[in-house]
Amino acid sequence: MSALLSEILDPKLVVLEVREGTAAEAILEIAELLRDHGHVQDYFKFADAVMEREGRTSTNTGEAVAFPHARTDLVDHLILGIGRSAAGIRFGQAKELVHLIFLFGVPRQMVTDYLVCVGAVARVVKDKAKRDALVAATTGEEFVELLRAGALLVE
């Protein structure tokens, strides 16, 4: 597993059931969590940057996963907030609903690190059994451990 991914995974930054039903509302909920834990300098500008990026091209992978993100000076280190929705949320025009949302905040100078991290997560969630295990996790700690274990197995 990428050492960098291991460093940014935090059970406190996992929302096991997002309250909201739209992509924008789910992104805002996860961004609030990042703000509440001191990872975002200006929540409103950060949320706007993520929404603007998502509006250009949806980050829905088509496998029930989305990777909304923003490259911005509003974060001083790579951050990851995670949301999960049992009911599913529509991201973009894709027919399949998203159940796992991985929201990244990326300092402009850390694009390579972001690509390494998002690639590690993408390799895990590409496997349906691993996605299903993440959807079934009952705690943030379990979710993070499953993600870590999955990342170790694919590297």
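Asp73 is exposed, with a relative accessible area of 53%. Here, exposed means over 50% relative accessible area, buried means under 20%, and partly exposed lies in between (1.4 Å probe, protein chains only). The model is predicted: local features need pLDDT of at least 70, side-chain atom pairs count only at pLDDT 80 or more, and totals for chains, interfaces and linings use all residues. Residues are numbered from 1 along each chain as its sequence is written, and side-chain values use heavy atoms, with hydrogens and water left out.

The side chain of Asp73 meets that of Arg108 in a salt bridge, at 3.5 Å from N to O. Asp73 sits in the loop between β3 (69–71) and β4, and Arg108 in the loop between β5 and α4 (111–125), so the pair ties together parts that are 35 residues apart in sequence. Arg108 is partly exposed, at 45% relative accessible area. Helices (H or I, at least four residues) and strands (E, at least two) are DSSP runs, numbered from the N terminus.

## Other salt bridges

Seven salt bridges turn up in a search of the whole structure. The criterion is a side-chain nitrogen of Lys or Arg within 4 Å of a carboxyl oxygen of Asp or Glu. Side chains of opposite charge can pair when their charged atoms come close.

One of the salt bridges joins Arg19 and Glu29, at 3.3 Å from N to O. Arg19 lies in the loop between β1 and α2 (23–36), and Glu29 in helix α2, so this pair links parts that are 10 residues apart in sequence. Arg19 is exposed, with 61% relative accessible area. Glu29 is buried, at 7% relative accessibility.

Arg56 also forms a salt bridge, with Glu52; their closest N and O atoms are 2.9 Å apart. Both belong to helix α3 (residues 43–56), and being four residues apart they are separated by about one helical turn. Arg56 is exposed, at 54% relative accessible area. Glu52 is partly exposed, at 45% relative accessibility.

Nine of the 11 residues of strand β4 (residues 79–89) are buried, so the strand is largely enclosed by the rest of the structure. Strands count as paired if DSSP finds at least two bridges between them.

Strand β1 (residues 14–15) runs parallel to β4, and two bridges join them. Val15 stands opposite Gly83 in β4. Strand β5 (residues 98–106) runs antiparallel to β4, with seven bridges between them. In this pairing, Arg84 stands opposite Leu100 in β5.
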